[in-house]
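Here are my notes on this model, written as numbered points. Keep the structure open while you read and check each point as you go.

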Amino acid sequence: MSLGALMEEKRRATTSSSSSSSQVHMPKDIDWQMLDKSRFFFLGAGLFSGVSTALYPIVVLKTRQQVSPTRVSCANISLAIARFEGLRGFYKGFGTSLLGTIPARALYMTALEITKSSVGQATVRLGLSDTTALAVSNGAAGLTSAVAAQIVWTPIDVVSQRLMVQGDLSLNKHLPGVMNSCRYTNGLDAFRKILYTDGPRGFYRGFGISILTYAPSNAVWWASYSLAQKSIWSRFKHSYTRKEDTGGSMVVQALSAATASGCSALVTMPVDTIKTRLQVLDAEENGRRRAMTVMQSVKSLMREGGLGACYRGLGPRWVSMSMSATTMITTYEFLKRLATKKQT
């Protein structure tokens with residue numbers, strides 16, 4: 001039996017012993033067993049590629065702020081990119097990122113839905129309340145999907161982020177030994193040079209700290225999202241049928257996503273800054289270029305501005321996460337509706 005069927009059965013059983021006014025009426029969830037998988041992945045590739053295209057310039061601004069040795073505003077970075085690099089400067093590394101988005105999102109969505117469905121069924125059978133079952137299953141799904149996606153995302157991040165920052169004039173001026181050691185013409189050239197200089201391990205720089213950043217953050221985000229969603233739905237005094245709930249659902253999903261994103265961005269920002277520097281910057285020892293360590297990254301940040309340096313790029317990251325989460329979750333839920341198997 002699917003998770004949705006189990007939750008519905010439990011809800012009916014609970015209704016018999018509770019008044020209808022005390023129930024939280026939420027739209028019925030669409031779980032993994034209800035999806036047409038080929039349609040789900042095909043439509044997902046197109047929809048999420050569109051979202052990534054719209055949000056990519058904000059990611060470029062965030063990345064350049066994080067690796068900058070001095071505090072530079074988003075406005076100044078934007079003006080410098082527009083003046084010296086043109087529109088293409090806002091999309092450096094985009095081709096590489098887009099190629100990685102499709103398999104990474106497919107892996108992410110598969111792990112998310114399978115884990116959510118299996119853990120959700122287990123929690124319902126254990127007799128946990130709907131609220132607890134949703135939080136636990138969503139949290140576990142967020143954790144496993146983040147770990148699975150990082151297997152693909154980390155190499156893509158390393159290549160695309162190096163392409164993002166190599167046009168940054170402030171880095172070239174203040175960190176010549178770090179930034180001028182390699183120049184890349186495109187993603188393939190970056191891949192070849194990283195493989196030659198660092199070997200396969202070079203593509204997984206910061207993998208451990210990426211897991212430490214995204215796995216707990218994703219778990220908290222999905223758990224918070226499910227709780228925020230239920231809390232907002234509880235404000236509604238009437239239930240919605242499947243035909244009526246589309247508009248209301250999207251508003252609730254957007255508000256829940258924005259709420260979960262704000263705290264997540266604030267809590268994980270220092271670790272994300274360290275991760276970005278590990279993936280982009282090198283250190284010099286005795287005239288030799290080497291991969292930067294976590295301690296070297298932390299020490300350089302402390303020298304440059306203390307804890308405040310760890311929060312460079314917080315504004316773009318906050319905006320990026322909120323916009324990304326809001327658009328992603330509404331797109332994701334819309335995609336699930338489009339990919340639902342037709343009832344026979």
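1. Start with helix 9 (residues 207–233) and helix 13 (residues 314–338), which pack with their axes 14 Å apart at an angle of about 65°. That makes helix 9 roughly perpendicular to helix 13 (the label covers 65 to 115 degrees; under 35 is roughly parallel, over 145 roughly antiparallel, and the rest oblique). Axes here are lines fitted to C-alpha atoms, for helices over the stretch in contact, and angles run from 0 to 180 degrees between N-to-C directions. Helices are DSSP runs (H or I, at least four residues), strands are runs of E with at least two, and both are numbered from the N terminus.

2. A word on where this comes from: it's a predicted model, where local features need pLDDT of at least 70, side-chain atom pairs count only at pLDDT 80 or more, and totals for chains, interfaces and linings use all residues. Residues are numbered from 1 along each chain as its sequence is written, and side-chain values use heavy atoms, with hydrogens and water left out.

3. Which residues of helix 9 meet helix 13? They are W221, W222 and Y225, and their partners in helix 13 are A325, I329, Y332 and E333. Contact means heavy atoms within 4.5 Å.

4. Is S320 buried or exposed? It's buried, with a relative accessible area of 12% (buried means under 20%, exposed over 50%, partly exposed in between, using a 1.4 Å probe and protein chains only). S320 touches L55, I58, V59 and A325, leaving aside residues up to four places away in sequence. S320 and L55 are 265 residues apart along the chain, yet 6.8 Å separates their C-alpha atoms.

5. Now look at helix 2 (residues 37–67) and helix 4 (residues 94–125), whose axes come within 9 Å and cross at roughly 135°. The two helices are therefore oblique to each other. Residues on the helix 2 side include F40, F41 and Y56, while helix 4 brings F94, R105 and M109 among others. This contact has ten nonpolar, six polar and one charged residue.

6. Finally, zoom out: the chain has 13 helices and two strands. Of its 344 residues, 49% are buried.

Technical notes:
Ala, Val, Leu, Ile, Met, Phe, Trp, Tyr, Cys and Pro count as nonpolar, Asp, Glu, Lys and Arg as charged, and the others, Gly among them, as polar.
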